[in-house]
Every structure is written in structure tokens, then in C-alpha cells.
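Please look at the model below before reading on.

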Amino acid sequence: MGSKKVTIGYIYYMGIHMGIARGPLDEINRITVGDKTAWSGSITGNTKIHINQPGLFGGDKKEGGINGYFYSLFGAPDQGVLGVLKNMLGGLVPAFRGVTTAFYDGEVCAMNPYPKAWAFRVRRTNNGWHGGQTWYPAKAAIWLEDGSIKAMNPAHILYQLYTDPAFGRGLPTARLDDASFKAAADTLAAEGFGLCIAWSRQDTIAAFAQMIVDHICATIYASQKTGLLTLKLIRDDYDIDTLPHFDADSGLLGIDEDESVAAADMTNEIVVKYTSPSDGKDRAVRVKNNAAIMSAGAVISQTREFPGIPTAALALRVAARELKSTASGVKRLKLRLDRRGAGLLPGDVFIISDAARGIGRLVLRATRRETGEGTDGTITVEAVQDMFGMPETHYVGVEPPGYVPPDVTPYPVTRQRTVESPYRFLAQLSDTAARALDVYSGFLTAIAAAPSPLSYGFDVWSKTGANAYALASTEQGAFCAVGELETAITPTQTSVTLVNPDDATGLFADFAPGGAALLGDEIVRVSTLSVNEAPAADPDDPPVVTVTLTLARGCADTVPTAHAAGTLCWLIEDCGGADEQEYISGATVSAKLLTVTPGGTLDINAAPASDLAITGRAGRPYPPGNFRVNGIAYPTAITGAMTISWSHRDRLTQADLLVDTTTGNIGPEPGTTYTLKLYDETGALARTETGLTGTSYEWETEDVDSGTAGDTALLHLDGDYTDDSGSVWTPGSGGVAFSASGKFGGCLDVKTTEYAYLRRTADTLRRSDFTIEGWVNVPTATVGVAVLYARTAGNLWGGEALLICPARGSGEGYLLKVSLYPYGADRVDFLNSGVNIVGSGWRHLALTRESDLWTLWLDGVAVASRTFVCDFTSGGYYDYVGASDLGNGRQCLTQIDEFRFTRGIARYTTNFTPPTAPATLQPRTLNTQARITLESVRDGLTSLQQHDWTVTRP
């Protein structure tokens with residue numbers, strides 16, 4: 001695709017006034033332009049229709065089509081002047097009454113300045129009669145081919161030909177033997193003998209009348225009895241016992257000529273040519289006399305033309321009639337009768353007998369009669385042996401033609417979809433224009449599979465809301481090849497097999513590697529492609545075709561995902577159709593795809609609609625590529641701590657390149673950050689990280705964030721500070737000392753003159769449930785700060801803290817309390833037990849938080865509680881066990897044993913019995929299952945797709 005439009009031709013528009021026939025007609029039911037059907041239906045009067053076939057001759061890239069308004073003018077006596085025709089012609093314009101015409105205004109062709117010829121299929125049986133009154137209307141029309149062909153009764157053709165003063169002889173109707181014409185009309189209607197023929201008056205009335213008479217095997221003559229013009233059909237419609245009989249005793253004076261056709265000269269094959277009204281083309285049938293062929297030793301054929309016969313069935317019956325008339329031994333006689341033969345008229349049947357010639361009873365049909373002059377009463381009759389009965393049926397079928405014309409019907413598209421154009425599609429047209437596009441707008445792209453082999457494109461029509469559909473682009477859409485995934489695939493799988501390929505136009509074999517495909521909603525690059533054929537299980541069935549592809553996954557603005565079996569894979573490179581209208585984000589566009597074939601363009605009412613919501617796809621940042629968890633692309637299971645990594649992407653730099661997900665960093669596009677969301681094993685959102693600019697993230701606080709209960713610290717303090725949970729503690733600046741006389745074994749012994757404590761880096765509080773517990777022994781009243789636990793950044797007055805201590809300072813007594821320093825707020829003397837624990841021996845202390853309920857426990861009894869909302873910040877803080885080095889000489893003479901910090905649960909919610917033995921570690925576990933989502937953000941816009949993956953831990 002290029003970025004510059006080049007004029008390669010023009011579309012031509014014309015106003016055309018066309019004469020069709022003498023009018024008014026009964027109906028116009030087809031309009032053909034250049035041998036292609038532009039319109040079909042039924043027009044029975046003056047009307048206006050829209051012919052919408054812009055692709056009739058191949059569309060704008062070939063020879064255009066027909067797209068405009070057609071006005072029918074049937075030529076009634078009261079027809080007025082057509083305004084648009086008057087405007088085109090100018091001046092004094094007639095109403096064109098008495099003749100059926102048509103006016104067309106619109107596109108007639110493209111690329112070729114020579115318009116194609118127009119033709120019309122019309123019907124007339126009841127309209128256009130002189131005086132507006134149809135003669136014998138009940139039998140005027142004869143329907144053939146199960147009602148698809150409306151033919152005219154030949155008796156009516158002859159009647160109108162002889163009586164119409166405008167184009168016929170103009171005889172008064174009283175000059176015609178009405179009864180004979182009606183009798184012929186009845187017989188012809190019963191025989192289904194209708195004709196479809198046009199008379200252009202290039203020959204005489206007599207010649208045209210004789211052609212009709214020859215079609216129906218009849219005679220027309222002026223009766224010497226009545227003086228009326230009489231129509232008589234030559235049919236086997238007589239009773240032989242009632243026929244006049246002439247012999248030597250009853251009027252036969254003599255036989256002057258006696259001729260018979262010899263077998264060797266007899267025609268034994270008749271070919272009848274007729275014209276099909278469905279397409280105006282000449283066709284032929286043939287009938288043979290096999291016995292005569294064997295007798296003659298050769299085929300003696302004659303071709304007879306009957307252009308008014310409309311069907312093969314009627315043509316075969318006529319051919320059988322003509323062949324019968326040429327049978328061997330048919331006699332042709334010229335004989336003389338006395339006045340008893342005066343009643344014979346042309347077409348009459350009679351019998352003769354002549355013993356001298358060996359003629360017993362010979363049935364003859366008079367063809368010509370002459371009377372003598374003056375006193376001569378001799379009647380001279382020319383006759384032929386009667387063989388002219390019209391067969392009602394025939395015993396041969398119509399041989400089907402060897403050539404079957406291709407199906408050029410424009411069928412609706414069954415496999416189709418609409419997508420919003422990604423930036424890559426627009427950059428293929430013009431990267432500069434794509435960069436300048438409003439990030440909140442978008443375009444529609446349609447993709448479709450050809451519904452038939454001769455479907456060579458489609459037009460996109462679209463609309464929004466209640467608007468009417470309109471042509472969306474002057475460019476005709478190109479069909480794509482499509483197939484179904486044989487089996488389900490993972491996000492990392494690159495080799496796939498497609499089954500049930502829909503490829504009416506052979507695009508799979510022609511597809512160039514490196515092009516784009518659309519797999520579900522994922523854009524992929526096709527690295528290799530092969531089309532495979534295997535024999536079907538049934539030898540009579542066509543081979544089974546499959547397509548094998550090697551794909552590069554997650555290209556452009558998409559990410560790799562798992563796809564189920566049956567997912568459609570479209571080969572979209574250089575395919576599809578565009579809507580040139582720019583839509584604002586939030587709009588819903590409805591589109592219809594109209595198939596274009598050599599036979600025309602699909603009617604818009606027959607096309608299914610497809611709706612698309614515009615989201616501003618082309619302006620969104622690309623999602624990151626190369627998604628990995630613990631260094632593995634889309635793993636199903638991991639062990640240990642979790643690290644997520646990815647690569648930068650940049651839609652502007654990538655432009656029309658098909659960069660797959662495995663490629664390293666590109667960009668990122670200026671202003672791009674990443675949003676990472678982590679969900680715990682229950683499906684709850686555990687952590688959200690926004691504004692990330694790097695390419696990796698380690699979930700260091702997974703155990704804390706996920707809320708899975710367990711011990712994060714357990715110190716027995718039996719001579720060392722080993723933590724059963726694995727946490728690393730360091731002694732304070734004054735060192736640490738241990739005593740062997742703890743509650744259970746040894747204990748931490750905080751000296752009076754030292755800042756003795758243990759410290760670890762931790763992020764244990766935040767806003768979660770927890771339990772802090774242990775045994776303390778405060779033998780002497782001191783000005784202490786932290787008896788059991790403290791959380792601080794190292795400066796009590798400079799950051800948040802949580803202190804569990806027996807006293808705040810000198811003069812404040814020695815009551816057990818909890819002090820809280822929320823971040824950025826003043827100290828809260830949070831929980832005050834009112835109990836002095838100095839000198840009371842080993843006491844069990846516990847602090848629990850259950851949601852926002854804080855409780856202080858002493859020896860298993862709740863001594864203070866409070867509901868308080870408090871969020872602790874994360875990072876940069878420490879856990880302390882023992883006195884803290886906060887200055888001001890605040891040392892604490894204390895012994896501590898069995899310190900435990902449990903994250904994720906308030907162990908105690910009612911009074912309890914303190915432990916009677918050392919605790920056993922109940923370790924916290926990482927999530928057994930965790931879901932990860934990762935997306936890009938820029939200027940408040942998120943990427944169209946995000947990585948969304950779930951991993952498990954065995």
C-alpha cells in the first residue's frame with residue numbers, strides 16, 4: 001500500500017433516453033447492460049428505481065458498473081412529460097406516448113469511455129391493443145416453464161396483426177371470422193403453444209403473418225362461404241368416418257399428379273432452432289427417425305428456424321411434427337373433382353378412392369383449390385396425404401449442453417468480521433498521517449472470506465445510529481483466506497494446523513511469508529506456510545486440505561494468548577476493506593459487506609450487518625512484549641519468589657513493522673508507564689503497582705500482600721537469635737546477652753546499661769491482620785520504652801512507630817500500654833491496660849489486630865481494645881525485639897522469651913490459656929496460585945490488550 005493517490009482512470013456518468021418498444025407494455029422484468037444483468041424484478045408502469053450495481057463490470061478498478069436512477073415510461077395515452085428528461089433535453093419535449101421508453105441517469109462505466117449496450121426483457125399480451133380493449137383476454141397469455149415464461153397466444157398475435165391500424169393491416173374486426181380465431185386460440189392455449197417474438201417491421205405484414213402460421217402449422221384464408229378471414233389449425237382433430245369421400249362414383253374426375261417421396265431422399269433428421277427469452281440466445285433441438293436413417297444409410301438433415309418458440313419442450317414437439325411431415329411414402333396429389341368438391345377449403349380433410357391406381361381409402365388435406373371458369377364446373381384441388389397432427393408430447397429429451405456456465409451470483413458473505421484498525425494498518429498507508437491522527441478516533445476495517453470462486457471483492461457500506469447505510473470507501477475490499485485451529489494452542493506455541501480452510505480464490509497458496517494474520521484477536525506474523533492434501537476416507541469425496549503455519553506471536557498492539565480449537569485464523573496481509581470515515585471513540589458503527597462478482601453486486605438488503613464499538617485503538621500505547629515470570633515465558637508453574645519481566649514497545653517506532661513478542665526493548669513511546677496487578681490465590685487483588693518505568697518487578701512482599709496466615713518470626717532465644725522462620729536479625733549497638741533462666745529454657749537478657757535489642761528489616765504491618773506475642777519479665781521498675789516489640793525507622797519522633805512498653809517515661813507510672821505513631825501524625829497512647837507488670841514475674845503479652853479491632857492481651861485475658869483505622873507505609877522500617885536505642889537514656893531492664901510475629905491472622909479473639917510449651921513454627925506460604933495482569937499506560941490511555949496470566953506453585 002502506498003501513501004499517495006494516483007489517478008488511473010475516470011468514472012463516467014450519463015443521462016440516456018432509450019426506446020424499448022411500441023407501448024404500453026405489460027411489464028419490464030429484466031435490464032441487461034453489456035450482457036450482464038443490472039436489475040431484475042417487475043415494473044408494470046411508470047416508476048423510478050435505483051440500480052445499485054457499481055461493480056457490475058468489475059468495479060472502479062476495472063470497467064465500473066451501473067449506479068443510478070432508472071425511470072420507466074410505458075407510453076400510456078395520458079402519460080405526462082418526465083421532468084428530469086425535459087431538463088436534460090431542453091426546449092419543447094414530448095411526453096412520448098404510445099411508445100415504451102426509459103430514462104437512466106447515473107454511472108454507466110469506468111476506465112473505459114465507451115458505454116455498454118442496454119437490453120430489456122419485456123412482456124406484452126394484454127396491453128397495447130387498439131382502443132385499449134384486449135381481444136379474448138382470457139386466452140391472450142400462455143404461461144410456460146412452470147410460470148417463468150409468459151408467452152402470447154399466436155391466434156392473438158395474428159388477430160392484432162390484422163386489425164391494428166397503427167402497425168398492422170387495420171382490418172375491421174367484422175372482417176375476421178371471430179369464431180375460427182377463438183377456436184384456434186382455445187386449441188393453442190390447451191396445447192401450451194405460446195410464442196415469444198418481437199416484430200421490428202423489417203418485413204411485410206404478410207411475411208410476418210406467414211411466419212406465425214408456419215410456427216403453429218395453420219392456414220389463414222378468406223372463406224368463399226362467408227367472405228371472412230379464417231384461421232384454421234392443421235391438427236388431427238377429425239372423425240375419419242364423417243369425412244367427405246370422393247371416388248369415381250362420387251365426384252372424383254381424375255388424378256393429374258401423383259408424387260411420393262422416395263426413402264433415399266427422405267429427410268430423417270430435423271433440427272429446430274428456437275430463441276430462449278431468458279437470455280435472448282438461440283438454441284436448438286433435434287429429432288431423428290432412426291428407421292429412416294437405417295433405410296437410407298445416412299443422416300439426411302434439415303434445419304428449420306422457429307424464432308418465436310420459447311422453450312425446448314415446445315421446440316421438440318414442433319420438430320417431431322416437422323419430421324412426421326417428411327415421412328417416406330407421403331403422397332402429394334393434384335386431382336379434379338366435380339361440383340361436389342366445391343365445399344372443400346384449404347386445410348379441409350377428405351378421402352379419395354381410385355381402384356385403377358390401387359388407392360383404397362387415402363386421407364388427404366387440401367392445400368389449394370381452384371374453380372373452373374364459365375361453364376366449366378371442374379374443381380382442381382392440390383392435396384397432400386394428412387400427416388400434420390401436432391403431437392401433444394414428444395419422446396426425446398433435451399440434451400443438456402456440455403458447457404455449464406459459471407455461477408456469478410453475488411452471495412452474502414458468511415465468514416466475516418469487523419475490527420477497529422490498529423496503528424499498524426494506518427501506518428501502512430501513511431506513517432505521517434497515522435502519527436497526526438487524533439488518539440481518540442478510529443477507523444473500521446472489514447475482513448471476509450469469499451463466498452464463491454467468482455467473488456472477487458466486496459464493497460463496505462456503513463452507518464451510525466439511525467442513519468442510512470452509505471458506501472464507506474471507493475476502494476473495493478479484497479477477500480482473505482481463513483481456516484480453523486485444529487487443536488487448542490498456548491501463548492508460546494508457534495506451529496499450528498488449520499482445518500476447514502475457506503479459500504475460494506486460492507489465497508493460501510499465494511500468501512507470502514512475513515505477512516500478517518489475525519488469530520482470534522491476536523495479530524501474528526506468518527513465517528512459513530504450506531498447504532497439504534490427504535485422501536478422504538471415502539474415495540468419492542474430495543481430498544482433505546489442511547494448512548500448516550509457523551507463527552511469530554503477539555505482534556503490533558496485541559499479546560499472545562491461548563486459543564481454543566476452532567478459533568479462526570485470517571490471512572489479512574493486503575486483504576480486507578476499509579471504511580474511510582473517521583469515528584470518535586465511543587461510537588458504534590454498523591457495516592455491511594456487499595459481494596462483487598462478474599454478475600453484479602449483492603443487494604444491500606441481503607447482507608448481514610456487523611456492529612463495532614470504536615475505542616480509539618490506533619492511539620493507544622502498545623502493550624509490553626516478552627512477558628516472563630521468573631525468566632520463563634508464560635509458565636504454568638513456578639517455584640520460589642516471583643519476578644515479572646517484560647520488554648518496552650513503541651508503536652511510533654515500530655510503525656508498520658510486525659514486531660513479535662519475543663523481540664527485546666523498542667522504545668518505549670514517550671510517556672509510557674506500566675500498571676501491574678497481582679492477585680492472590682483466592683482471586684483477590686493483593687497489590688497494584690502503577691507508574692512503573694522499568695522492565696521488571698519482584699514481588700518481595702507476596703506473603704504479606706496475599707494475606708496467607710503464618711509466622712514471619714519465631715525466636716526461642718535459647719542462647720542465640722536464630723529465627724525459625726528464616727528472618728535475619730542483627731544485635732543492637734550495645735550487643736545482646738542471654739540468660740539460661742527463661743520461661744522455656746534460655747531468654748534474651750536486656751542489660752540496664754546497654755541498648756540491647758534485635759532488629760530486622762521488614763514490612764510486616766501495612767493494613768493487615770497480625771498477632772505479636774511473647775513472654776516478658778520486668779523485674780525492676782525502669783524508664784523503659786519497648787518491652788516486647790517496636791516498629792520504627794530508627795527515630796521515634798521522625799516516623800511511624802508501634803511500641804509495646806510498661807511505661808512512657810518518668811512520672812507516668814509503670815502501666816502496660818501500646819503507643820502508636822501513625823505516619824505523619826502525633827503519638828496516640830493507643831491502648832492502656834491499667835496494669836502494672838513490674839516485678840510480677842513472667843507474663844504473656846499479646847497484641848492482635850483483626851480488621852480494625854486492636855486488642856491487648858495479658859496472660860490470655862483482653863485488658864484493652866479499640867477500633868482504629870490505621871495504614872502503615874511500606875519500606876524503610878524495622879522490627880525491634882527488646883529496648884530500642886531512641887536516646888534520652890531510656891533503657892529497659894527486661895527479659896524476653898518466645899517472641900512470635902504471625903502475619904495474616906489475629907490468633908486470639910477470646911480469652912485463652914497462654915502457651916505451656918515453646919511454640920512450633922507455622923510458616924507462611926506463598927500463593928499456590930497467582931494471577932498477573934500487565935498493561936501499558938500513556939496520557940491516560942491504556943493498551944488495547946494486557947498480559948493476563950495465572951501461575952501455580954506445586
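In which hand does α2 pass α4 in their crossing?

## Basis of the model

The model is predicted, so local features need pLDDT of at least 70 and side-chain atom pairs count only at pLDDT 80 or more, whereas totals for chains, interfaces and linings use all residues. Residues are numbered from 1 along each chain as its sequence is written, and side-chain values use heavy atoms, with hydrogens and water left out.

## Helices α2 and α4

The crossing of α2 past α4 is left-handed, a term that applies if the near helix is turned anticlockwise from the far one by less than a right angle. The axes of α2 (residues 154–163) and α4 (residues 205–216) come within 10 Å and cross at roughly 165°; the two helices are therefore roughly antiparallel to each other (angles over 145 degrees, on a scale from 0 to 180 degrees between N-to-C directions).

On the α2 side, the contact (heavy atoms within 4.5 Å) is made by Pro154, Ile157, Leu158, Leu161 and Tyr162, and on the α4 side by Ile205, Phe208, Ala209, Ile212, Val213 and Ile216.

## The sheet of three strands

An open sheet of three strands has the order β37-β38-β41 with antiparallel pairing, where pairing requires at least two DSSP bridges between two strands. Its edge strands, each pairing on one side only, are β37 (625–629) and β41 (696–698).

Strand β38 (residues 643–647) runs antiparallel to β37 and is joined to β37 by three bridges; Ser645 in β38 is the bridge partner of Arg628.

Conventions:
Helix = DSSP H or I, 4+ residues; strand = E, 2+ residues; numbered from the N terminus. Parallel < 35°, antiparallel > 145°, perpendicular 65-115°, else oblique.
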